[in-house]
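Please read them with the structure open.

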Amino acid sequence: MSDMILIKGGTVVSAEGEAKADVLVLGEQIAEVGEDIEAEGARVIDASGAYVMPGGIDPHTHMELPFMGTVASEDFFTGTSAAAAGGTTSIIDFVIPGPQQDILEAYRQWRGWAEKSATDYGFHVAITWWDDSVKAAMKTLVQEEDVNSFKHFMAYKNAIMCDDETLVNSFSTARDLGALCTVHAENGELVFRLQQEIFEKGITGPEGHPLSRPPQVEGEAANRAIRIAEVLGVPLYLVHTSCRQALEAVTRARLEGQRVFAEVLAQHLVINDSVYRDPDWNVAAHHVMSPPFRGHEHQAALWRGLQAGMLQTTATDHCCFCTDQKAAGKDDFRAIPNGTGGVEDRMSVLWHHGVRTGKLTPSEFVAVTSTNTAKIFNLHPQKGSMQPGADADLVIWDPEASRTISKETHHQNVDYNIYEGMEVTGVAATTLSRGRVVWEDGQLKTERGTGKYLKRAPFAPYWAAQQRKNALAEPTAVDRG
Ligand code: URQ
Ligand code: ZN
Ligand code: ZN
């Protein structure tokens with residue numbers, strides 16, 4: 001394989017804008033972006049009529065996650081390969097230690113599993129319990145393992161849920177280390193109570209799932225996490241924001257000057273809660289994820305939030321459980337493993353429903369699928385950038401090609417697709433991962449183990465210091481006038 005690739009005749013799109021330009025890739029990096037580049041001996045890829053963009057970064061996946069008594073069906077090789085087929089070239093997955101499990105041991109476990117990845121990957125590490133050893137482990141992770149974000153599940157009581165004491169301890173430790181705190185915002189106590197009440201009423205099927213997790217439950221937790229972060233002076237990132245109430249909490253905080261970021265999942269934008277009323281139990285169960293799919297009012301709010309920059313990133317929360325795994329909850333919706341897939345489809349779904357409807361420009365598409373994530377998680381400009389010197393994680397995007405999403409043709413290791421039958425225009429024609437062609441002509445060319453661990457340095461101390469200063473501002477003098 002040539003280690004010099006010249007992508008000719010395309011329109012280069014970055015988060016800053018777009019222009020007709022060629023792109024020269026040397027080895028693993030972008031060497032040059034400009035007009036009429038010549039490079040003798042290079043493999044030439046014709047990109048006329050196509051966009052050349054940074055590969056997608058999915059900041060929220062769960063490959064081979066042990067969860068709710070089973071293990072997610074997609075592993076790091078199949079998952080990163082499927083991602084590449086859809087134009088996504090990096091993922092940030094989650095290390096999720098069990099209650100009382102040694103954090104560093106869990107981290108090493110996940111690093112081992114991820115060695116089979118075909119494209120680059122990083123990790124957020126979940127803080128699921130607390131004592132001094134956890135505090136010490138957080139320091140080791142930031143300073144020796146280049147992890148700069150920690151995850152907190154405010155739901156999943158009696159499993160991985162964090163109470164407020166753990167949140168406060170972890171948030172303040174993260175602040176002192178220059179790390180970003182991320183949260184799954186749902187009030188786990190309320191979910192637990194509502195699940196019991198709904199089940200006792202005789203509602204045992206998947207339709208009970210959204211009833212037990214109404215938007216208020218997410219809004220409360222989002223607001224609580226935001227206010228805890230405000231008092232402690234630490235930047236915060238909300239994963240899978242799914243409803244108006246959580247978005248309003250984020251918007252309020254951002255307008256008050258707080259450093260709060262929020263992610264939206266492609267599936268929450270385009271699939272609504274009617275899926276839980278599907279007469280086929282399996283189809284309804286396939287959509288059991290948390291937070292659940294919502295009504296149109298929420299979807300419209302999420303699109304507006306994305307357009308307005310209140311939601312900065314898009315993700316998938318790719319966490320696949322096959323039909324027979326979902327069947328564990330046949331008689332009790334509380335036992336249906338929570339999770340849906342879509343790592344392969346995010347880019348096409350967002351292009352089709354976002355760019356082609358005029359909600360997003362191509363540059364905004366790049367921002368919300370790649371560059372913003374790279375910036376928020378300190379991967380920029382190595383990732384999410386078209387600058388010389390950046391990793392050549394690129395997608396040659398055919399904006400006019402169409403495909404019908406289906407389990408019959410997808411590359412994800414799961415026996416259904418939540419977007420089944422959706423026709424999308426805008427597809428990844430060719431994908432490069434650090435200069436290697438991993439997807440072209442409808443064929444995957446990924447290799448097991450070629451992905452590299454993404455080191456993410458901590459943030460500059462002023463990030464948190466500024467917020468702390470704001471939070472603890474000196475009281476102003478009494479106005480006696
Ligand atoms: O809550 C999550 O992000 C995980 C563990 C996956 N499942 C889900 O329903 N979102
Ligand atoms: Zn979650
Ligand atoms: Zn998740």
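**Notes on the predicted model**

1. The zinc ion (ligand 2) and the zinc ion (ligand 3) are separated by 3.6 Å. Donors here are N, O and S atoms within 2.8 Å of the metal (3.2 Å for Na, K and Ca); water is not among the atoms, so sites may look incomplete.

2. His184 belongs to strand 12 (residues 180–184) and His240 to the loop between strand 13 (236–238) and helix 8 (244–255), so the two tie together parts 56 residues apart in sequence. Helices (H or I, at least four residues) and strands (E, at least two) are DSSP runs, numbered from the N terminus. His184 is buried at 1% relative accessibility, and His240 is buried at 2%. Buried means under 20% relative accessible area, exposed over 50%, and partly exposed in between (1.4 Å probe, protein chains only).

3. This is a predicted model: local features need pLDDT of at least 70, side-chain atom pairs count only at pLDDT 80 or more, and totals for chains, interfaces and linings use all residues. Residues are numbered from 1 along each chain as its sequence is written, chains are lettered from A and ligands numbered from 1 in the order in which they are written, and side-chain values use heavy atoms, with hydrogens and water left out.

4. Ligand 1 has 13 residues around it (a heavy atom within 4 Å); Tyr156, His184, Ser290, Asp317 and Asn338 come nearest. An oxygen atom of ligand 1 lies 3.1 Å from a side-chain N or O atom of His184, and a nitrogen atom of ligand 1 is 3.0 Å from a polar backbone atom of Asn338. The protein buries 100% of the 290 Å² that ligand 1 exposes when taken alone; these areas come from the Shrake-Rupley method with a 1.4 Å probe, and for residues only the protein chains shown count as cover.

5. Two peptide bonds deserve a look. The bond from Ser290 to Pro291 is cis, with omega near -5°, and Pro291 sits in the loop between helix 10 (281–286) and helix 11 (296–308). The bond from His380 to Pro381 is also cis, with omega near 5°.

6. Pro381 is in the loop between helix 14 (362–376) and strand 16 (394–404), where Asn378 is also placed. Asn378 has a positive phi of about 65° although it is not a glycine, and is partly exposed, at 29% relative accessible area.

Definitions and conventions: Polar contact = N/O pair within 3.5 Å; in protein donor to acceptor, adjacent residues only side chain to side chain.
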